[in-house]
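Colleague: I would like to go through this model with you, value by value. Please set each label against its cut-off.

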Amino acid sequence: MQAMIRVLFVASEAYPLIKTGGLGDVMYSLPHALHHIGADVRLVLPAYREVLMRLESLRILGWMEIMGAGRLLGVRILEARHAEYAFPVWLVDCPILFDRPGNPYVQADGHDWPDNAERYTVFARAAAELAQDRLNLDWRPDVVHANDWQTALVPALLEHVPQSPKRVFTIHNMAYGGHFSLTEFNLLGLPRLWWSPEGVEFYGGFSMLKAGIVYADDVTTVSPTYAREICTVEFGCGLHGVLQVSRHKLHGILNGIDENSWNPATDPYLAARYSASRRQPGKALNKQALLRRFGMVAGEALLQIPLFGMVSRLVEQKGVDLVLAALPHWLEHTEARFVFVGSGKTEYERQLRAYAIHYPQRVGVFIGYDESLAHMVEAGADMFLMPSRFEPCGLNQMYSLRYGTPPIVYRTGGLADTVVDATEHHFSAGIANGFVFDDLSSEALIEAANRALAWYAQPRLWQTLLRTGMRQSFGWEHSAQAYLALYRGQYPAVPG
Ligand code: ADP
Ligand code: GLC
């Protein structure tokens with residue numbers, strides 16, 4: 001029998017302690033999936049105020065002094081137990097940097113916290129110390145698995161460490177690079193050796209994301225298609241060259257979803273539970289509850305009218321502008337109704353709110369973050385809008401498939417890997433589960449939505465489509481095994 005592998009996950013968010021998007025979901029579900037197949041796991045997070053408020057029992061593991069931006073900072077390492085966590089969570093507690101309300105990355109006005117470079121450098125330095133068991137906890141990982149730019153210095157900091165754990169770095173989104181200035185680089189006292197085009201230098205400043213790519217032993221991203229896409233100019237966010245020369249250590253492993261939290265048969269947030277074999281009346285009751293939640297009339301006749309749902313960070317990535325451009329057409333030429341849940345760019349928020357005010361019986365909008373409402377939309381809508389311009393993996397389309405709410409998506413990244421267009425051919429092969437379009441335009445989105453509406457009008461076809469998606473398995477079993485193989489050096493790189 002192989003010895004139990006020890007994995008230290010390093011992340012800037014994890015459900016249900018702190019979450020801004022899919023990264024938070026994955027940082028909860030992937031470590032658990034690995035735990036379930038026998039890995040010995042720890043997760044280290046910054047001790048944000050919100051996280052501390054959610055944790056009941058905390059124990060101090062030790063103290064460290066960590067270099068920040070021209071100052072030495074006292075840091076405590078805490079160990080927490082949480083009812084939903086099967087393993088201990090470690091926290092890097094440095095109140096000056098993390099004891100703040102709200103979003104981990106941005107201030108209330110939507111701008112980045114001005115000291116993000118220092119915050120995540122200190123976090124990464126503390127995590128790298130833990131990876132070397134500097135607190136003598138008698139727990140030394142075989143693998144340290146860092147995620148996204150906020151943790152990307154960890155592999156670099158372990159570069160010349162004797163008997164370093166294997167360094168795995170996962171890119172959840174290339175669009176957030178953690179770019180900072182040379183002044184910050186110097187102030188943080190980062191090694192001069194890193195400052196080169198082959199190191200972290202990036203257009204005159206430095207990129208934390210690049211540090212992760214350059215120094216990790218293995219780089220992964222969250223779908224096979226995105227792994228290929230990021231090696232191109234179009235998707236590489238300026239790092240396609242580095243990724244191309246890193247192809248030998250680049251892997252695409254599709255995210256799974258947590259099939260317990262996202263299960264329409266047991267979901268506590270729903271008005272009624274349902275499953276692939278017993279979809280009604282549950283699905284319809286959820287639609288009714290959702291419409292009512294938005295103050296829309298939901299009598300028997302109105303219930304038949306198709307309802308589009310969208311839950312999303314309201315940012316350019318998600319194609320919100322395409323939806324906004326298509327809305328006037330849909331409002332004029334169809335009867336369809338819409339519910340939107342999200343927050344992000346002020347201009348998108350403003351435009352969506354304006355639609356809700358002008359069309360209160362057709363457009364429902366909630367601006368903000370609401371976990372229960374996200375579940376209600378997945379269950380209550382008839383179809384799910386997700387026309388992302390790029391999508392490293394995307395979880396929402398998998399949630400919507402599982403909830404019998406066919407997604408309408410642009411063919412990119414993880415969307416291309418999970419949604420199978422309802423063509424006649426795919427339908428006869430029994431694999432059609434949603435609607436996919438190939439042209440990044442509101443016209444193409446409208447055309448795909450029209451196809452969805454035409455299918456919706458044919459109940460037998462529609463029900464077959466729903467059933468196909470609901471019966472698919474999107475759990476972590478397969479991908480957790482893939483990560484285990486990767487940790488053991490037995491997983492293939494993306495084809496060159
Ligand atoms: P991304 O990570 O790029 O935002 P994903 O599809 O991978 O996209 O994951 C998004 C996650 O965030 C899902 O769990 C989704 O339900 C959740 N989410 C996004 N916006 C909101 C919101 N306003 N309220 C509640 N949940 C949200
Ligand atoms: C990022 C990506 C999203 C992915 C998530 C989890 O937020 O935008 O596509 O599903 O990370 O990996």
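Modeller: Start with N255, which is found in the loop between β12 and α10. Helices and strands here are DSSP runs numbered from the N terminus (H or I, at least four residues, for helices; E, at least two, for strands).

Colleague: Which residues is N255 in contact with, leaving aside its neighbours within four places in sequence?

Modeller: V26, V222, C393, L395, M398 and W476. Contact means heavy atoms within 4.5 Å.

Colleague: What kind of model is this, and what are the ground rules?

Modeller: This is a predicted model, in which local features need pLDDT of at least 70, side-chain atom pairs count only at pLDDT 80 or more, and totals for chains, interfaces and linings use all residues. Residues are numbered from 1 along each chain as its sequence is written, chains are lettered from A and ligands numbered from 1 in the order in which they are written, and side-chain values use heavy atoms, with hydrogens and water left out.

Colleague: How many of the residues score at least 70?

Modeller: 100% of them, and the chain averages a pLDDT of 97. pLDDT is the predictor's confidence in each residue, from 0 to 100. Confidence is lowest in helix α11 (residues 300-303), at a mean of 92. Strand β1 (residues 6-10) has the highest, at 99.

Colleague: What makes E229 a buried charge without a salt bridge?

Modeller: A salt bridge is a side-chain nitrogen of Lys or Arg within 4 Å of a carboxyl oxygen of Asp or Glu. Lys and Arg count as positive, Asp and Glu as negative; His and the chain ends are not counted. For E229, the nearest side chain of opposite charge is R228, 7.4 Å away. E229 is found in helix α8 (residues 224-229). Beyond four places in sequence, E229 touches F235, G236, T412 and G413.

Colleague: Which residues touch the most other members of the largest nonpolar core?

Modeller: L34 and Y487, in a core of 141 residues. Helix α4 (residues 116-131) gives the most to this core, with 10 residues. A nonpolar core is a set of buried Ala, Val, Leu, Ile, Met, Phe, Trp, Tyr and Cys residues joined through side-chain atoms within 4.5 Å. The contacts of Y487 include L34, I5, V7 and F9. A second, separate core of 41 residues includes M310, V323, Y410 and L445.

Colleague: What are the domains, and how far apart do their C-alpha centres lie?

Modeller: The assignment gives domain 1 (6-256 + 476-487) and domain 2 (282-470). Such bounds come from an automatic or database domain assignment. The C-alpha centres of domain 1 and domain 2 lie 32 Å apart. The contact takes 20 residues from domain 1 and 19 residues from domain 2.

Colleague: Where are the cis peptide bonds?

Modeller: One joins Y15 and P16, with omega about -10°. Another joins Q280 and P281, with omega about 5°. P16 is in the loop between β1 and α1 (22-36). P281 lies in the loop between β12 (250-252) and α10 (282-293).

Definitions and conventions
Buried means under 20% relative accessible area, exposed over 50%, partly exposed in between (1.4 Å probe, protein chains only).
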